Amino acid sequence: MKGKQNRTVSLIALTFFVFSTAMVANVFATKQGCTPGFWKVPQHFVYWTFFTPQDTVAEAFLTDDWAPEYDFLKGMTLLEVLEKKGGKGQEFTQRQQAARIFLRQAVAALLNTANPNIDYYNQISSVQGHVNLVLNLQYDLDADAIEAQKNVLQNFNELGSPICD
């Protein structure tokens, strides 16, 4: 069993190394990004391209392989995620709480990527892939690992842009 765990940990480390390397390589091309706080304001909805505030997480991200504990996130709209709504009165595990916070930054990253007037770091499919990797049942990441990935997206989202400055 220990050998299987080591292979799983190695696969996770390799996967995140590849994603992190790709992101770092694109940092130099990344010049702009808007925060979740920008995207949730109704007068800024005009800047939403390709996605709408009413789109659900399941529509925006391919959620089939997510761990079951994140199912409560799938029916939330992108706006609800940005507003930190959903699951009110519910007790959250540390991983669920980390996933909610990560997803908030991921939605902003998705909107930044979709907007042709924001010089963001990646393609829509790359952001979707990043999210699906982090919340994937197979990898079973802990809250600290999810938070670390949230921090990567948050750094990009806080770069600013003429649209959101």
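Q: How far apart are the closest N and O atoms of Asp140 and Arg95?
A: Side chains of opposite charge can pair when their charged atoms come close. Here Asp140 forms a salt bridge with Arg95 (a side-chain nitrogen of Lys or Arg within 4 Å of a carboxyl oxygen of Asp or Glu), and the closest N and O atoms are 2.7 Å apart. Asp140 sits in the loop between helix H7 (124–134) and H8, while Arg95 belongs to helix H6, so the pair ties together parts that are 45 residues apart in sequence. A helix in this text is a DSSP run of H or I with at least four residues, a strand is a run of E with at least two, and both are numbered from the N terminus.

Q: What should I keep in mind about the model and its numbering?
A: This is a predicted model, in which local features need pLDDT of at least 70 and side-chain atom pairs count only at pLDDT 80 or more, whereas totals for chains, interfaces and linings use all residues. Residues are numbered from 1 along each chain as its sequence is written, and side-chain values use heavy atoms, with hydrogens and water left out.

Q: Is Asp140 buried or exposed?
A: The scale is relative accessible area: buried is under 20%, exposed is over 50%, and partly exposed is in between (1.4 Å probe, protein chains only). Asp140 has a relative accessible area of 53% and is exposed. Arg95, at 16%, counts as buried.

Q: Which residues are linked with Arg95 in a network of salt bridges?
A: Glu69, Arg95 and Asp140 make up the network. Glu69 pairs with Arg95 at 2.1 Å between the closest N and O atoms. Glu69 lies in the loop between helix H3 (57–60) and helix H4 (71–74) and Arg95 in helix H6 (residues 94–114), so this pair ties together parts 26 residues apart in sequence. Glu69 is partly exposed, at 25% relative accessible area.

Q: How many disulfides does a search of the whole structure find?
A: The test is a pair of cysteine sulfur atoms within 2.5 Å. The search finds one disulfide, formed by Cys34 and Cys164 with their sulfur atoms 2.3 Å apart. This pair links distant parts of the chain, 130 residues apart: Cys34 is in the loop between helix H1 (2–27) and helix H2 (36–39), and Cys164 is in the segment after helix H8 (143–157).

Q: Why is the disulfide of Cys34 and Cys164 left-handed?
A: The torsion about the S-S bond is about -90°, so the disulfide is left-handed.

Q: Which residues touch the most other members of the largest nonpolar core?
A: A nonpolar core is a set of buried Ala, Val, Leu, Ile, Met, Phe, Trp, Tyr and Cys residues joined through side-chain atoms within 4.5 Å. The largest one has 42 residues, of which Trp39, Phe61, Trp66 and Leu103 touch the most other members. H2, H3, helix H5 (78–82), H6, H7 and H8 each supply at least two residues of this core, and H6 gives the most, with eleven. Counting a contact as heavy atoms within 4.5 Å, Leu103 is in contact with Val57, Phe61, Trp66, Leu73, Val81 and Val131, leaving aside its neighbours within four places in sequence.

Q: Where does Thr113 lie, and what does it touch?
A: Thr113 lies in helix H6 and is buried, at 13% relative accessible area. A polar atom of its side chain is 2.8 Å from the backbone oxygen of Ala109. Not counting residues up to four places away in sequence, Thr113 touches Tyr120, Asn122, Gln123, Ile124 and Val127.

Q: How many helices and strands does the protein chain have?
A: The protein chain has eight helices and zero strands. Of its 165 residues, 46% count as buried.

Key
A polar contact is a pair of N or O atoms within 3.5 Å; within protein, one must be able to donate a hydrogen and the other to accept it, and residues adjacent in sequence count only if both atoms are side-chain atoms.
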